[in-house]
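Q: Can you walk me through this structure? I'll ask as we go.

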Amino acid sequence: MRLTRCQAVLAAAITLNLLVLFYVSWLQHQPRNSRARGPRRGAAAGPRVTVLVREFEAFDNAVPELVDSFLQQDAAQPVVVAADTLPYPPLALPRVPNVRLALLQPALDRPAAAPRPETYVATEFVALVPDGARAEVPGQLRRRLAPRDLCSHRIRGPGARRG
């Protein structure tokens, strides 16, 4: 079977379209700030924990008070409030860049990565905080991340040798 010039051009155009489609799909699944998602070192680099509030009642909640309590401890503390849909009545969240409301319901007018809460996290750790919790002691999250509190030993399998 002989391949005509028209068929070759058509096959090349389809292949190019598929390559562009795969590249755009790959770009949409990459985090926006992949450079900032790496682990941070040292206390001078800023907060190491993002506070994530996931489950709360839309009509009766204490989310604004929760956010204020963490921001009083550290004004640069990243806080993400994740909700399936836009809460009603609207949450009275502070209008600062480190406090964000993440809507997890996919929509055509938002990027494909918007419904994924991990795209809003640019710190090394995440603290899942329930509705109604308060940060009462200064440095509460920072102390939880002290090296003595982290599990830093290796886990051995059942057949592993001790060495």
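Q: Let's begin with Arg54: what is its relative accessible area?
A: Arg54 has a relative accessible area of 32%, so it is partly exposed (buried is under 20%, exposed over 50%, partly exposed in between, with a 1.4 Å probe and protein chains only). Bear in mind that this is a predicted model: local features need pLDDT of at least 70, side-chain atom pairs count only at pLDDT 80 or more, and totals for chains, interfaces and linings use all residues. Residues are numbered from 1 along each chain as its sequence is written, and side-chain values use heavy atoms, with hydrogens and water left out.

Q: Which residue does Arg54 form a salt bridge with?
A: Asp84, with the closest N and O atoms 2.9 Å apart. A salt bridge here is a side-chain nitrogen of Lys or Arg within 4 Å of a carboxyl oxygen of Asp or Glu. Arg54 lies in the loop between E1 and H2 and Asp84 in the loop between E2 and E3, so the pair ties together parts 30 residues apart in sequence. Helices (H or I, at least four residues) and strands (E, at least two) are DSSP runs, numbered from the N terminus.

Q: And how many salt bridges does the structure hold?
A: There are 3. One of them joins the side chains of Arg48 and Glu124, at 3.4 Å from N to O. Arg48 sits in the loop between helix H1 (5–28) and E1, and Glu124 in the loop between E3 and E4, so this pair links parts 76 residues apart in sequence. Arg116 also forms one with Glu118, its closest N and O atoms being 3.1 Å apart.

Q: Switching to the sheet, what is the strand order?
A: E3-E2-E1-E4, in an open sheet of 4 strands with parallel pairing; two strands pair if DSSP finds at least two bridges between them. E3 (99–103) and E4 (125–128) are at the edges with a single partner strand each, so one side of each has no neighbour in the sheet. E1 (residues 49–53) and E2 (residues 79–83) pair over 3 bridges, and Val51 stands opposite Val79 in E2.

Q: Where is the cis peptide bond?
A: Between Tyr88 and Pro89, with omega about 0°. Pro89 lies in the loop between E2 and E3. In general, most peptide bonds are trans.

Q: Last one: Ser69, buried or exposed?
A: Buried, at 8% relative accessible area. Ser69 is in helix H2 (residues 63–73). It touches Ala133, Arg134 and Ala135, not counting residues up to four places away in sequence; contact means heavy atoms within 4.5 Å.
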